[in-house]
Amino acid sequence: MSNSLITGLHHITAMASDPQRNLDFYAGLLGLRLVKKTINFDAPDVYHLYYGDETGKAGSIMTFFPFGASPYRGRQGTGQAATTSFSIPVNALDFWQKRFDQFQVSYKAPQTRFNEVVIYFEDPDGLGLELVANDADTRPPFTYGHIPAEVAIRGFWGSELWETSYEKTEALLTQHLGYEFIGEAGVRRRYLPKSVDSAEKGNEAGNFVDILWDSTQRYGVGGIGTVHHIAFDTPTDETQKGVREILLSKGFMPTEVLDRQYFHSIYFREPGGVLFEIATNPPGFTFDETIENLGTGLKLPPWQEKNRDQIEKHLAPISLEKSVEAYRVG
Ligand code: ZN
C-alpha cells in the first residue's frame, strides 16, 4: 500500500478517576497544554480532557475520561497499550527527577534503552508513563510559564503495546498500517512509519510503536488507570477511507466513520486485542476555539448544546489555574 495513509500516532486515550487531579498531574506537574475540555460523546456526564502541545498536534495528544469516584478500575496487562512515553531533551533529565522528588511522584531510576535514557513513573491512577530523554526531537515546547521551555515535554515519544506474541500485530502494522520494524531489545520490538521522513511532523519522535511480547503476562482488564485505545494519524477523509477498505479486505472489522468533532474516526481491534483508532488530522482543535483560547471553554458537540445547562450542572468544576499554581516552582 501507499505508505502515506498513516503518518504516525494521533492520540492516546486513557481512563482516570478525579478530573481535577488528572488536570493537576498532566497540565500542572507535566506541563502539557489543556487543548480541549469537552465531554465523553457517549456519556455526557463525564469530561473528555485533551492535553497536548500548543495546538494539539498529532503525536502529542493524550486524552482522558475522568470517571470520578468509580469502582471501574482496570489492570494493566497483555492486549493493551500499556506505557505511554513522552519526549524530553537530554538536558532536562535532572530537572524532571528533581520535580518528581519535590512533588513526591515516585519513579524508577533512569535506564538506557535504544540509546535513550528512560524514566518510568505513574499517574495518580496508576497509568504507566515514561519520559524518554533524546536530542532527536525538534518539535517546539509549550509552557504555561511554570516550567522552563527548554526542559518542557515535546509531545509523545511513542506507545507500547503489551502482547502475548508479536507476529500478527507486526503483520498488521507493517503490511497494512505503513509501519516498518526498526529494531529490537530483548522482548521489545520497535516500529516506525515508513512515511516519517516526509511527514509534516518532520521527525521520528511521537510516532514510535513498541511491541512488548510476553506469553506469561496476565491479560489486562480495561478501566481506570489503563489506556482505552491508541489512535493513528491519517491525513484526510480520503486516506482514512483507503485504510478502512484495506482493513475490511483483510478481515478486520472497522467501525463506520464517527464524527469526533476535532477528527473523524474509525475503530477496530488488532489481533492481540488492543483497540486501534484511525483518526483524521483535520479539522483539529482550532475547529471551535482560537489557538490562544484552546481549552478554556467547555465545548459541546452541536447535538448536545440544547442540554448544556443540565450537562454543566452534572460536571464537577475544574480549574486549570489551580493546577498550574499548585505545581509552580520557586
Ligand atoms: Zn480516540
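1. Let's start at one glycine. Gly-68 touches Ala-16, Ser-17, Asp-18 and Ile-224, leaving aside residues up to four places away in sequence. Keep in mind as you look around that this is a predicted model. Gly-68 sits in the loop between strand 4 (61-66) and strand 5. Is Gly-68 buried or exposed? Its relative accessible area is 18%, and since buried means under 20%, Gly-68 counts as buried.

2. Next, follow the chain into strand 5 (residues 80-88), where you will find Gln-80. Gln-80 is buried, with a relative accessible area of 6%. What does the side chain of Gln-80 reach at 3.3 Å? It reaches the backbone oxygen of Val-221. A polar atom of the Gln-80 side chain also lies 3.3 Å from the backbone oxygen of Arg-75. Not counting residues up to four places away in sequence, the residues that Gln-80 touches include Glu-160, Leu-161, Trp-162, Thr-226 and Val-274. Gly-220 and Gly-222 are also among them.

3. Now for the metal. Which residues coordinate the zinc ion? They are His-11 and His-229, each through NE2, and Glu-277 through OE, at 1.9 to 2.0 Å. Written as a sequence pattern, the spacing of these donor residues is H-x217-H-x47-E. His-229 belongs to strand 13 (residues 227-234) and Glu-277 to strand 16 (residues 275-280), so this pair ties together parts that are 48 residues apart in sequence. Both can be checked for burial: His-229 is buried, with a relative accessible area of 5%, and Glu-277 is buried too, with a value of 0%.

4. Eight strands form an open sheet with mixed pairing, in the order 6-7-8-5-9-12-11-10. Which strands stand at the edges? They are strand 6 (111-113) and strand 10 (179-185); each has a single partner strand, so one side of each is left without a neighbour in the sheet. On average, neighbouring strands of this sheet are turned by 30° against each other, with direction ignored.

5. Strand 10 and strand 11 (residues 188-193) run antiparallel and are joined by six bridges. To find a bridge in the model, look for Glu-180, whose partner in strand 11 is Leu-192. Helix 3 (residues 167-176) packs on the sheet, where it touches strand 9 (156-163), strand 10, strand 11 and strand 12 (208-213). The direction of helix 3 makes about 135° with that of strand 10.

6. Finally, a hairpin. How many residues link strand 2 to strand 3 in the hairpin? Two residues do. Strand 2 (residues 33-40) and strand 3 (residues 43-52) run antiparallel, with seven bridges between them. Eight of the eight residues of strand 2 are buried, so strand 2 is largely enclosed by the rest of the structure.

Conventions: Residues are numbered from 1 along each chain as its sequence is written. This is a predicted model: local features need pLDDT of at least 70, side-chain atom pairs count only at pLDDT 80 or more; totals for chains, interfaces and linings use all residues. Side-chain values use heavy atoms; hydrogens and water are left out. Donors are N, O and S atoms within 2.8 Å of the metal (3.2 Å for Na, K and Ca); water is not among the atoms, so sites may look incomplete. Helices (H or I, at least four residues) and strands (E, at least two) are DSSP runs, numbered from the N terminus. Buried means under 20% relative accessible area, exposed over 50%, partly exposed in between (1.4 Å probe, protein chains only). Two strands pair if DSSP finds at least two bridges between them. Axes are lines fitted to C-alpha atoms, for helices over the stretch in contact, and angles run from 0 to 180 degrees between N-to-C directions. Contact means heavy atoms within 4.5 Å. A polar contact is a pair of N or O atoms within 3.5 Å; within protein, one must be able to donate a hydrogen and the other to accept it, and residues adjacent in sequence count only if both atoms are side-chain atoms.
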